[in-house]
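Subject: Structure for you to look at

Hello,

Here is the structure I said I would pass on.

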Amino acid sequence: MKANRIYNFNPGPAALPLAVLEEIQENFLDFSGSGMSVTEISHRSKHFDDVINDAVARTKRLLGLDDRFHVLFLQGGASMQFAMIPMNFLAGKSSADYVDTGTWSSKAVKEAEIQGKAINVVASSADRNYSYIPHNIKFNEDAVFVHITSNNTIKGTGWAELPDTKGVPIICDMSSDIMSKPMDTQKFGLFYAGAQKNVGPAGVCLVVIRQDMLDLVPDSVPTMLRYDTYAAKNSLYNTPPCFAIYTVDLVLKWLEETVGGLDKMAALNQKKAALLYEFMDAGDFYRATAEPDSRSLMNITFRLPDEGLEQQFVQLAQQQGLAGLKGHRSVGGCRASLYNAVALEAVESLIDFMKTFETDNG
Ligand SMILES: *Cc1c(COP(=O)(O)O)cnc(C)c1O
């Protein structure tokens, strides 16, 4: 049966590679000769062990992680990490620095504050509606970590380069750009990503943590909220989200074997985003909202001349097989999410549609 697939620009859950969906479909009733679906096998079976170990190994290879790093699969989404990070790493008077670059960073700050932890918001781009990434930030030398959001899914900004924290480990929310490009992993104490944007389906959060960070976890943290619980048991302390982890593994396999790694992925992502930004910059009908040096390559936010036109634009696009172009409800406007699984062809089709829409309404 040939499915009727459209171009999917959703912000998350988002497009998955078609080859991955087909592989799931093909193996769904009989996984790896087990006579059972991957949704029916024990998380303690050799079959599932192979899946999770493969996902860990692929993550390490793709990101070039050395043996100090643990790759973990947790539930509760990226939002749970906002709470777990201060809970696990800030005890007593120790404090951390946070950079506020939009909705998700603000939520991370809030979860630390709820727990009464000592944190400093050392920079914020709230003054210009989060349309840029702050530079020349003065970090506190005694901070236990610096928390940043590498890509701001809602505001459409991203860090072109990591800040210089003078050796203080960075903790980074990479939910919407993990695996979109190679990165210098040496700077991180921990990074995390809800899988449903760039590496899989909803239901699992990928967490990479450096060994020395585990020493900070106070005894008072409950078992299921402690990173060392997951690190000691290869994420199998209790039943993990097996199907979601399996799908992540297939996406990572696609990245390694079909795309050819993160350098290739980054080049393609650059090309896709450049096409769309250059098209918008060339005219004055569409206006990208992020400041040029802070533009996200993953979530491209833009406005049309008025809100009525924006509504028509989103609706007509949907009718023509271009889904998910509405901006987040908190900011309005339009947004095209160009994650790894969104092909160049989809971006070209979007630009064709935009040209026609402008001609008809400009
Ligand atoms: C989507 C998103 C989140 C929230 O993820 P959940 O898995 O729904 O908790 C957090 N941070 C960023 C940057 C996101 O894009």
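The notes below go through the sheet, the aromatic rings, some backbone angles and one glycine.

This is a predicted model, in which local features need pLDDT of at least 70, side-chain atom pairs count only at pLDDT 80 or more, and totals for chains, interfaces and linings use all residues. Residues are numbered from 1 along each chain as its sequence is written, and side-chain values use heavy atoms, with hydrogens and water left out.

The sheet

Helices (H or I, at least four residues) and strands (E, at least two) are DSSP runs, numbered from the N terminus. Two strands pair if DSSP finds at least two bridges between them. An open sheet of 7 strands runs in the order β2-β10-β9-β8-β5-β3-β4, and its pairing is mixed. At the edges stand β2 (69–74) and β4 (118–124), each with a single partner strand, so one side of each has no neighbour in the sheet. From one strand to the next, the twist averages 20 degrees. Axes here are lines fitted to C-alpha atoms, for helices over the stretch in contact (heavy atoms within 4.5 Å), and angles run from 0 to 180 degrees between N-to-C directions.

Inside the sheet, β5 (residues 146–149) pairs with β8 (residues 170–173) in the parallel sense over 4 bridges. His147 has Ile171 of β8 as its bridge partner. Helix α4 (residues 103–114) lies across β3 (95–100), β4, β5 and β8, and runs at about 155 degrees to β3.

Aromatic rings

Rings of Phe, Tyr and Trp (its six-membered ring) pair if their centres lie within 6.5 Å; planes under 30 degrees apart count as stacked, over 60 as edge-to-face and the rest as tilted. The whole structure holds 17 aromatic pairs. One of them is Phe82 with Tyr192, edge-to-face, at 6.4 Å centre to centre and 75 degrees between the planes. This pair links distant parts of the chain, with Phe82 in helix α3 (residues 77–89) and Tyr192 in strand β9 (residues 188–194), 110 residues apart. Phe82 and Tyr192 are both buried; buried means under 20% relative accessible area, exposed over 50%, and partly exposed in between (1.4 Å probe, protein chains only).

Phe243 and Tyr246 form a tilted pair, 6.1 Å centre to centre with 40 degrees between the planes. Both lie in helix α6 (residues 242–259), 3 residues apart, about one turn of the helix. Phe243 is partly exposed at 31% relative accessible area, while Tyr246 counts as buried at 4%. Ring pairs also link Phe279, Phe285, Tyr286, Phe302, Phe313, Phe353 and Phe357 into a cluster.

Backbone angles

Most residues other than glycine have a negative phi, and most peptide bonds are trans. The bond from Gly12 to Pro13 is cis, with omega near -10 degrees, and Pro13 lies in the loop between β1 (7–8) and α1 (18–27). Met179 is not a glycine, yet has a positive phi of about 65 degrees. Met179 sits in the loop between β8 and β9 and is buried, at 1% relative accessibility. Asn234, also not a glycine, has a positive phi of about 50 degrees. Its place is the loop between α5 (227–232) and α6, and Asn234 is partly exposed at 27%.

One glycine

Gly332 is in the loop between β13 (322–323) and β14 (334–337). Leaving out residues up to four places away in sequence, Gly332 touches Arg303 and Gly327. The C-alpha atoms of Gly332 and Arg303 are 8.5 Å apart.

Regards
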